[in-house]
Amino acid sequence: VQLQASGGGSVQAGASLRLSCTASGMRFTVTYMAWYRHAPGKERELVAGITRGGDTNYEDSVRGRFSISRDNAKNTVYLQMNNLEPEDSAVYYCNARAGPPYNPSRYDYWGQGTQVTVSS
C-alpha cells in the first residue's frame, strides 16, 4: 500500500496550490480520505476530509478557502488551496482509511508529506 502525494511548493500569500494524493495497492475499499498538516511547534491537525459519498468536513480556518474532492475510481484525493496565508505553511499529509464492509476504517494509511510554504 502506498500513498503518493504531490503538489506542494513555495508561494506568496494570496496564491493557490493544488495537492494530490493517490492510494495504490489497496486491498479494500477506501472509505475516508483526508489531508492533515503539521507546522513546527504545533500539533498535527485535520485540514479537510471527505467520505466516499462526498461528504466533507473542514478545519475552521480553511473553510471557504480550501476545497477537498476525490476521484473514487482513481483512489485519489485533491486539496485545492486558494488565498493561501502564511499560517497555512506546514507539511501536508494525506490520509486514507480502508476496510471491509463490517469495519470500513480498519486500516489507516499515511502519505509521505509534502511541504507548503507561504510567504507574506
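I count two strands as paired if DSSP finds at least two bridges between them. Strands (E, at least two residues) are DSSP runs numbered from the N terminus. The structure is a predicted model, in which local features need pLDDT of at least 70 and side-chain atom pairs count only at pLDDT 80 or more, while totals for chains, interfaces and linings use all residues. Residues are numbered from 1 along each chain as its sequence is written, and side-chain values use heavy atoms, with hydrogens and water left out.

Entry 1: the open sheet.
I looked up the strand order and found four strands in an open sheet, β1-β3-β8-β7, with antiparallel pairing. The edges are taken by β1 (2-6) and β7, each of which has a single partner strand, so one side of each lacks a neighbour in the sheet. I noted that neighbouring strands of this sheet are turned against each other by 15° on average, direction ignored; the axes are lines fitted to C-alpha atoms.

Entry 2: the pairings one by one.
I went through the sheet from β1. Five bridges connect β1 with β3 in antiparallel fashion, and Q2 stands opposite S24 of β3. Strand β3 (residues 17-24) is joined to β8 by six bridges, again antiparallel; here I found R18 opposite Q80 of β8. Between β7 and β8, which run antiparallel, there are six bridges.

Entry 3: burial of β8.
I asked how many residues of β8 are buried. Five of the six are, so β8 is largely enclosed by the rest of the structure. I use buried for under 20% relative accessible area, exposed for over 50%, and partly exposed for values in between (1.4 Å probe, protein chains only).

Entry 4: salt bridges.
I searched the whole structure for salt bridges (a side-chain nitrogen of Lys or Arg within 4 Å of a carboxyl oxygen of Asp or Glu), and the search returned seven.

I first took E59 and R37, whose closest N and O atoms are 3.9 Å apart. E59 is in the loop between β6 (56-58) and β7 (66-71), and R37 in strand β4 (residues 30-38); the pair links distant parts of the chain, 22 residues apart. E59 is partly exposed at 21% relative accessible area, whereas R37 counts as buried at 6%.

I then took E85 and R65, which meet in a salt bridge at 3.8 Å, N to O. E85 lies in the loop between β8 (76-81) and β9 (90-98) and R65 in the loop between β6 and β7, so parts 20 residues apart in sequence are tied together. E85 is partly exposed, with a relative accessible area of 31%; R65, at 11%, is buried.

Next I looked up R97 and D108, a salt bridge with 3.9 Å between the closest N and O atoms. R97 is in strand β9 and D108 in strand β10 (residues 107-110), 11 residues apart. R97 is partly exposed at 25% relative accessible area, and D108 is partly exposed at 43%.

Entry 5: the network.
Which residues are linked in a network of salt bridges? I recorded R37, E45, E59, R65, E85 and D88.

Terms used:
Axes are lines fitted to C-alpha atoms, for helices over the stretch in contact, and angles run from 0 to 180 degrees between N-to-C directions.
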